Amino acid sequence: MTFVTRLAALLIVSIALCGSSIAQSRRTQNDSQSRSVILAERQIRDRLNAGTVGLAGGLLEGAPIHFATDIARVVNDGGVIHVFPIVTRGPTENVNDLLYLKGVDAAIINSDSLEEYKSQVPQIQQRITYVLSLFPSELHIFVRPEIRSFSDLAGKKVNFNTQGTAAAYSGPLIFSRLGLDVEKMFIPHPVALEQMKRGEIAGVVFVTSKPVDAFVKGKWEEGFKFLPVEYGSKFEDYYLPSYLDPTDYPNLVAKGERIATIAVPTILAAFNWRLGSDRYRRVARFVDELYSGVDKLKTPGFDPKWKDVNLSTKVPGLERFQAAQEWLDRAGSGKQSGRP
């Protein structure tokens with residue numbers, strides 16, 4: 001082998017070894033960078049999930065999801081808790097979500113729905129804790145011109161919105177207490193209102209916070225009206241007295257008139273996680289941050305109904321459910337029935 005040939009072979013080997021060394025160095029560097037990226041992402045993931053609280057709100061067009069969004073805006077400001085409002089079928093179905101759906105720690109629910117669950121769910125008082133009274137959902141019984149009293153509704157078609165909504169649960173319950181037997185329908189309210197205009201349905205029942213856009217913005221012929229519901233002993237366990245007046249519905253309620261009705265209290269409740277668990281600590285921080293932010297929620301930029309929220313408000317029927325502060329201050333007794 002000539003000198004030139006040997007020199008060429010040596011150069012080829014040197015270049016190969018150098019390339020291998022560079023490649024190894026790059027692999028080591030890339031591995032180091034990959035580990036750093038993975039570690040950084042893990043830290044972000046752990047930080048975000050450490051304060052995550054799922055809050056069941058309601059349908060997109062309803063008041064509960066707007067309240068849930070307001071709560072998230074205020075509580076998330078501190079960066080300690082990350083509240084995720086969840087679109088659901090409404091405050092009645094939210095009891096199921098709070099009890100059984102993964103990722104749900106708190107929920108906006110109607111207080112009268114707890115009555116049914118007391119017989120279905122063992123020790124529900126220990127599994128759900130009352131946090132805050134929010135807004136009342138007024139009962140609206142809207143009827144055609146020929147309907148002048150409840151007796152005129154007997155046996156006729158009345159719509160209570162789709163199954164799972166507040167009207168579909170509370171409406172028939174309230175009608176039962178009134179002793180009123182009607183042909184119940186459970187179709188979307190926009191469809192029912194059109195059928196009502198054509199005379200195919202005698203009335204519709206809404207259970208939601210006033211004013212309702214369908215009645216404010218809708219065009220109704222003379223004679224369409226709300227039936228009054230007087231508050232009395234048959235409603236004092238879970239309901240509150242309320243009214244509908246011209247400021248709510250200027251085209252349907254005459255000036256100087258006030259139509260009596262009742263309201264279903266809407267509350268914020270939390271699942272009673274096992275004392276000392278990670279989820280318990282998250283929800284405890286969430287409640288603490290929420291209580292601290294109630295004054296902010298009453299300022300412009302948030303739903304005006306927050307101005308009526310009072311931390312000391314007593315809700316009918318909830319005396320047997322723990323108050324939030326009692327829950328937060330409770331010492332470990334090992335008696336909770338919460339999920340781990």
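This is a predicted model: local features need pLDDT of at least 70, side-chain atom pairs count only at pLDDT 80 or more; totals for chains, interfaces and linings use all residues.

Me: Is His189 buried or exposed?
Reply: His189 lies in helix H8, residues 189–197; helices (H or I, at least four residues) and strands (E, at least two) are DSSP runs, numbered from the N terminus. Leaving aside residues up to four places away in sequence, His189 touches Asn159, Phe160, Asn161, Ala167, Val204, Val205 and Phe206, where contact means heavy atoms within 4.5 Å. Buried means under 20% relative accessible area, exposed over 50% and partly exposed in between (1.4 Å probe, protein chains only). The relative accessibility of His189 is 4%, so His189 counts as buried.

Me: How wide an arc do the buried residues of helix H4 cover around the axis?
Reply: In H4 (residues 113–120), the buried residues are Ser113, Leu114 and Tyr117. They lie on the same side of H4 because their arc around the axis is only 85°, the arc being that of the directions from the helix axis to the C-beta atoms. An α-helix has 3.6 residues a turn, so residues three or four places apart point the same way. For H4, the arc asked for is 85°.

Me: Which elements do the buried residues of H4 pack against?
Reply: Two of these partners are strands, E3 (106–110) and E10 (259–271). The others are helices: H3 (93–100), H5 (124–127) and H7 (166–178).

Me: How many salt bridges are there?
Reply: A salt bridge is a side-chain nitrogen of Lys or Arg within 4 Å of a carboxyl oxygen of Asp or Glu. One of them joins Glu146 and Arg144, with the closest N and O atoms 2.9 Å apart; Glu146 is partly exposed at 41%, while Arg144 is buried at 15%. By this rule, the count is 10.

Me: How many residues apart in sequence are the parts tied together by Lys210 and Asp248?
Reply: The side chains of Lys210 and Asp248 meet in a salt bridge (3.2 Å, N to O). Lys210 sits in the loop between strand E7 (203–208) and helix H9 (213–217), and Asp248 in the loop between strand E9 (240–244) and E10, so the parts tied together are 38 residues apart.

Me: Which residues are closest to the centre of the largest pocket?
Reply: On a 1 Å grid over the protein atoms alone, a pocket is an open set of points where a 1.4 Å probe fits, with protein on both sides within 12 Å along at least five of seven lines; lining residues have an atom within 4 Å of a point. The largest pocket has a volume of about 810 Å³, the space filled by probe spheres set on grid points joined across faces, edges and corners. Of its 35 lining residues, the closest to the centre are Glu61, Gly62, Ala63, Phe206 and Thr208.

Me: Which element gives the most to the lining of the second largest pocket?
Reply: This pocket holds about 330 Å³ of space, and 17 residues line it. With five residues, the element that gives the most is E4.

Note on methods. Residues are numbered from 1 along each chain as its sequence is written. Side-chain values use heavy atoms; hydrogens and water are left out.
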